[in-house]
Amino acid sequence: MKNTSETNSYIIGFSLALLLTLTAYFTVVNNFLDGGILVAAIMLLAFLQLFVQASFFLHLWQEKNPRWNLLVFLSTFSIIVLVVIGSLWIMNNLDYRHDNTHEGVQKILEKEGFSR
Amino acid sequence: MVEHKNNDKTFLGFWIYLMTDLIMFAVLFATFAVLRNNTFTGPSGEEIFNLPFVLAETLILLTSSFTCGLAVLAARKGDKKQLYSWLLGTLFLGFAFLFMELSEFQELIHEGYTWTKSAFLSSYFTLIGTHGLHIAVGLFWLIILLIKLSTSEINSSIIRKLTLFSLFWHFLDIVWIFIFSIVYLIA
């Protein structure tokens, strides 16, 4: 009995993952969205897929107390958020401030409120 | 009961390893995201990626993750015949995936787009290459499991090893989903 329900869990997980992958793919190929919204949508679908696979394949939420695995996962996740968002933020800012062309310098001066 | 407790520790230890591995992948992702536009007269991602090909890779890996999960269930049921077929399926799909990844690399290198061409390509090859290396190690591990399985019955030790392998394999699939989304689709 337990075995059938576990098999079902894998089948549901697999179907959902398949659906999410194909949705993301066809959204991109058919240009349904563009620019920032597209990136946000793709990331949303990826995280949904992470959730689906963690639930149905890794059974992360069904762990008995104390939930060490979940705890380690969540702390890892917070480290990753800091590292990835931090890197992107700092490097983009650096990139923005290193525009040495004449127009670039003018743009920065104006944007930052230093224009003469 | 004691054995069950030891198993829990084994799983937790392996899980912590996977999480540190995930941090490594996250750093490689961050590097890639920072360098993605630094193409330095080389090609951009949009110009070199073949999306239908990558979709096929994704579906193959996803299916192998699925068959791997079913293999563990078959082992718990004690059904050796089913276990063999699911594991061989996983092995076959895994090799197909690795082969596609390598042929993609070969094609890029053949066209002159190597990792020395631009910062974007360096980070791309590092990220995908690290994932491919993990897949190769996983396949090697799977072959060892199959050899072990051919000489012994299904016992708790085999089930434990299989479960650890399936954790590893699901983990690689999840990492690949992010590669598929961040590297290929967003480009």
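Two residues are taken to be in contact if their C-beta atoms, placed from the backbone, lie within 7 Å. The legends below describe a predicted model.

**View 1. The contact between chain A and chain B.** In this predicted model, chain B contributes 32 residues to the contact, and chain A contributes 34 residues. Three helices of chain B, namely α1 (2-35), α3 (51-77) and α6 (156-185), each provide at least two residues of the side that touches chain A. Of these residues, 12 belong to α1(B), the largest share of that side. Sorted by class, the side of chain B that touches chain A comprises 24 nonpolar, five polar and three charged residues.

**View 2. The helices of chain B.** Six helices and zero strands are found in chain B. Read from the N terminus on, the order of its elements is α-α-α-α-α-α. The C-alpha trace of chain B extends over about 60 × 30 × 20 Å along its principal axes.

View 3. Chain B has 187 residues, of which 36% are buried. When contacts in chain B between residues at least 6 apart in sequence are considered, 81% of them link residues at least 24 apart.

**View 4. The two domains of chain A.** Chain A is split into domain 1, covering residues 1-62, and domain 2, covering residues 63-116. A distance of 26 Å separates the C-alpha centres of domain 1 of chain A and domain 2 of chain A.

Terms used. Residues numbered from 1 in each chain as written. Chains lettered and ligands numbered in written order. Predicted model: local features only at pLDDT ≥ 70, side-chain atom pairs only at ≥ 80, totals over all residues. Domains from an automatic or database assignment. Helix = DSSP H or I, 4+ residues; strand = E, 2+ residues; numbered from the N terminus. Nonpolar A, V, L, I, M, F, W, Y, C, P; charged D, E, K, R; others polar. Buried ≥ 20, exposed ≤ 12 C-beta atoms within 10 Å, placed from the backbone.
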